[in-house]
Every structure is written in C-alpha cells, then in structure tokens.
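Student: I have a new structure to look at. Could you put it up so that we can go through it?

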Amino acid sequence: MGILALLNCKLMTWCLRVMNPEAGEALAEVKKEFVELLPIPNPTNLGHLEKIATSIIKLKTGPQSVVVERQIKMHIRQIDAAVYALFGLTSDEVELLERRLT
C-alpha cells in the first residue's frame with residue numbers, strides 16, 4: 001500500500017512527466033522502462049504512507065459526502081508532504097514542482 005501511495009504522489013507524477021515524451025498527450029501510456037527509473041526508496045521506509053493510503057481506501061469505500069472528500073484531499077496532501085520529506089525536498093523545490101504540475 002505504501003508503494004501505491006508513493007507511485008500516485010505528485011513527485012512521481014512529475015518524474016514520469018519529465019521522463020515520458022508522451023506525457024500530456026491523449027492516451028499517453030505509463031511505460032515500464034520509465035517506471036523502472038523512478039526513485040523508489042526502501043519499502044521499509046514507507047510505513048507512514050501505507051497508513052495514510054489505508055485511511056483513504058477506508059474513506060472511499062464508505063458513504064460519500066463533502067466532509068469525506070475533504071478528508072481524502074487532506075490525506076493526499078499528507079502523502080505528498082511525507083514523500084517530499086522522504087526525498088529531502090526544500091520548500092522552494094516543492095513550490096516549483098507543484099507549480100509545474102498545475
């Protein structure tokens with residue numbers, strides 16, 4: 001579950017967009033050779049991400065509401081923040097990355 005959270009975070013999205021010349025095109029594929037190049041840390045360091053991802057799954061499988069959607073978005077931001085910390089990104093680097101993704 002921690003790997004799933006990592007692969008869906010903003011940092012990995014940015015990495016794939018930088019590596020993949022098809023990124024942003026209609027029907028662009030995530031190719032195996034690009035995924036293999038992603039900087040994946042030791043899975044034993046992903047326990048915190050796993051807990052957050054599990055919370056998101058529980059929220060998504062329960063009754064939906066505006067409050068639940070806000071909680072899910074909050075958890076997604078927590079995953080992104082945890083990944084930024086895991087890779088030692090500075091606040092300036094995070095700001096730049098997030099601007100490029102919008």
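Student: How do the residues of the lining of the largest pocket divide into nonpolar, polar and charged?

Tutor: They divide into eight nonpolar, one polar and three charged. Here Ala, Val, Leu, Ile, Met, Phe, Trp, Tyr, Cys and Pro count as nonpolar, Asp, Glu, Lys and Arg as charged, and the others, Gly among them, as polar. A pocket is an open set of points on a 1 Å grid over the protein atoms alone, where a 1.4 Å probe fits, with protein on both sides within 12 Å along at least five of seven lines; lining residues have an atom within 4 Å of a point.

Student: Which residues line the largest pocket?

Tutor: Among them are Leu 4, Cys 9, Ile 56, Lys 60 and Asp 80. Helix 1 (2-7), helix 4 (47-61) and helix 5 (66-86) each give two or more residues to this lining.

Student: Which helix gives the most?

Tutor: Helix 4 does, with four residues. Helices are DSSP runs (H or I, at least four residues), numbered from the N terminus.

Student: What about the model itself?

Tutor: This is a predicted model: local features need pLDDT of at least 70, side-chain atom pairs count only at pLDDT 80 or more, and totals for chains, interfaces and linings use all residues. Residues are numbered from 1 along each chain as its sequence is written, and side-chain values use heavy atoms, leaving out hydrogens and water.

Student: How many helices are in the protein?

Tutor: The protein has six helices and zero strands (E, at least two residues).
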